Amino acid sequence: MSLSSRAALPVPSAADASIDQTVGSESPKEACGLFGVWAPGEDVARLTFFGLFALQHRGQESAGMAVADGHRIVVYRELGLVSQVFNEVTLSSLQGDLCIGHTRYSTTGSSTWDNAQPTFKTNGTRGLALGHNGNLVNTSELARRAGRRTRASSDTDVVATLLAQHLHEGLEEAAIRVLPTLSGAFSFVLCDERTVFAARDPFGIRPLAIGRLPGGGWCVASETCALDVVGASYVREVQPGELVALDERGVRSRRFDEHPTPKLCLFEFVYLGRADSRMYGRSLHEARREMGRRLARESPADADLVIPIPDTGHSAAQGYAEVSGIPYGEGLMKNRYIGRTFIEPTPALRSRGVRLKLNPLPDAVRGKRLVVVDDSIVRGTTTRQIVQVLRDAGAAQVHLRIVSPPIRWPCFYGIDMSTRGELVAAQNDVDGIRELVGADSLAYLSVDSLVASTESPRGSFCRACFDGEYPIPVGDEEPSKFALETL
Ligand code: SF4
């Protein structure tokens, strides 16, 4: 027996949205956070809550959990932040031996309750729950094969339907059959009544790490910061093309692709991952500091103060200040208490929200020539507003330094920038962008320096939004986020 619940949205507390990493800067939006835990005897829902809370930056549209006790799966999900969706009452009602959880930012399908995850399916006798980070590029073909008959319009729902069609063989065998038919980026956490599974596409575009709990349980998370929060020690990454099972038999590994080609998203290092996470064994904070150092050498500026766009610009701005010898300081304060109303991914809300999110410190910036360090520029509209806010506060000059190369190509692998038309660098050269955003100077970090900062080889990354080299073919047509809503 299984149950899928919809709850009334609790009233947000003042602490809500305190880890809103996506507001403020001109940054791409991430596509979801995953957490899974197998730990009989522990409060698995609470562990998952803490794990999801650490991954809130990867998606703020909805949150959910699926708990299983060996006999049934209970799913609870709702639109909103982790702290809005779950409270003491809901957590206490979610008891079991294992749990998987999800935070969502939509890249396929609208931001509706039906598309919130984990997605639940049953074949009448067995159930499965699935959470997805990434984006598939053969979703329409898969949907036709699945004979989709649900209200959900996400690629994840299609995958869950396909898995359910093989569930009589067990979820592990179903996954081994279905995963090789998927094309695109996917990190999955999934479960049946007894076992947590984790899988990563053969290119390993999105991260996924395994941890060991002190009491002997196991967990998986999109980022290592979520393992830290629950007291788990890092074991290893789920390998590209690998399906991992976590249960009383320990960690079991099966390959569903014999020729994996690791291509982790390079943007995870720039912006998407939290600074206190590690990827490819490298601390993201240290990598970002190194990006800032290299940016200072590549593109110096005659200035009085280096300021970050909070929060992701902090590490790189420190590195820039260190090499340039220009003092580092704060020039913008971020409002950390913004509810999800202001972070829904609609252009109107995006453009209206910036002044609510970032407030300048006039005493710090007045009369100063500023180096402003940000992680990226996608559309340019937010950057223009930030430059204007700083000028209005009395800044004498604004020199923008960006710790990524220009984003000239769309992403089809789970980041919400899927058309060239929305990318300011696809239409303009660097000086044209400088003029549009109103900065005194503008410079980007080179691809070579960005890769060198990660201490991993260039070939181990997807860099497609910077150089147009897509590791997974996407066909001639740019996939639509809402493709399944028109089928
Ligand atoms: S296209 Fe860019 S954002 Fe998308 S997966 Fe590749 S590197 Fe990451």
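**Helix α16 and its surroundings**

Helices α9 and α16 pack at an angle of about 150 degrees, and their axes lie 8 Å apart. This is a predicted model. The protein has 17 helices and 24 strands. Of its 487 residues, 62% are buried.

**The pair α9 and α16**

- Two packed helices are described by the angle between their axes and the distance between the axes.
- The crossing of α9 with α16 is right-handed.
- From α9, the residues in the contact are A287, E290, M291, R294 and E298. They meet S449, L450, A452 and S453 of α16.
- By type, the residues of this contact divide into 4 nonpolar, 2 polar and 3 charged.

**Helix α16 in its setting**

- Helix α16 covers residues 447-454. It is largely enclosed by the rest of the structure, because 6 of its 8 residues are buried.
- Those buried residues are V447, S449, L450, V451, S453 and T454.
- What do the buried residues of α16 pack against? Their partners are the helices α8 (267-272), α9 (284-298) and α17 (464-467), together with the strands β17 (282-283) and β24 (461-462).
- E455 follows α16. It sits in the loop between α16 and β24.
- Is E455 buried or exposed? E455 has a relative accessible area of 62%, so it is exposed.

- Most residues other than glycine have a negative phi, and most peptide bonds are trans. The residues below depart from one pattern or the other.
- E455 is not a glycine, yet its phi is positive, near 60 degrees.
- Y280 is also not a glycine, and its phi is positive at about 50 degrees. Y280 lies in the loop between β16 (278-279) and β17. Its relative accessibility is 24%, so Y280 counts as partly exposed.
- The peptide bond from Q117 to P118 is cis, with omega near 10 degrees. P118 belongs to the loop between β5 (98-104) and β6 (119-122).
- The peptide bond from P310 to D311 is cis too, with omega near 0 degrees. D311 is placed in the loop between β18 (305-308) and α10 (313-324).

- T48 is part of helix α1, which spans residues 44-54.
- Its relative accessibility is 0%, so T48 counts as buried.
- Leaving aside residues up to four places away in sequence, T48 touches F35, V37, M65, C99, I100 and G101.

**The protein as a whole**

- Take the contacts between residues at least 6 apart in sequence: 72% of them join residues at least 24 apart.
- The accessible surface comes to about 17300 Å². Carbon and sulfur atoms account for 51% of that surface.

Note on methods: Residues numbered from 1 in each chain as written. Predicted model: local features only at pLDDT ≥ 70, side-chain atom pairs only at ≥ 80, totals over all residues. Heavy atoms only, no water. Helix = DSSP H or I, 4+ residues; strand = E, 2+ residues; numbered from the N terminus. Buried < 20%, exposed > 50% of the residue type's maximum accessible area, 1.4 Å probe, protein only. Contact = heavy atoms within 4.5 Å. Areas by Shrake-Rupley, 256 points an atom, 1.4 Å probe, with all protein chains shown as cover. Axes fitted to C-alpha atoms, helices over the stretch in contact; angles between N-to-C directions. Left-handed = near helix turned anticlockwise from the far one by under 90°. Nonpolar A, V, L, I, M, F, W, Y, C, P; charged D, E, K, R; others polar.
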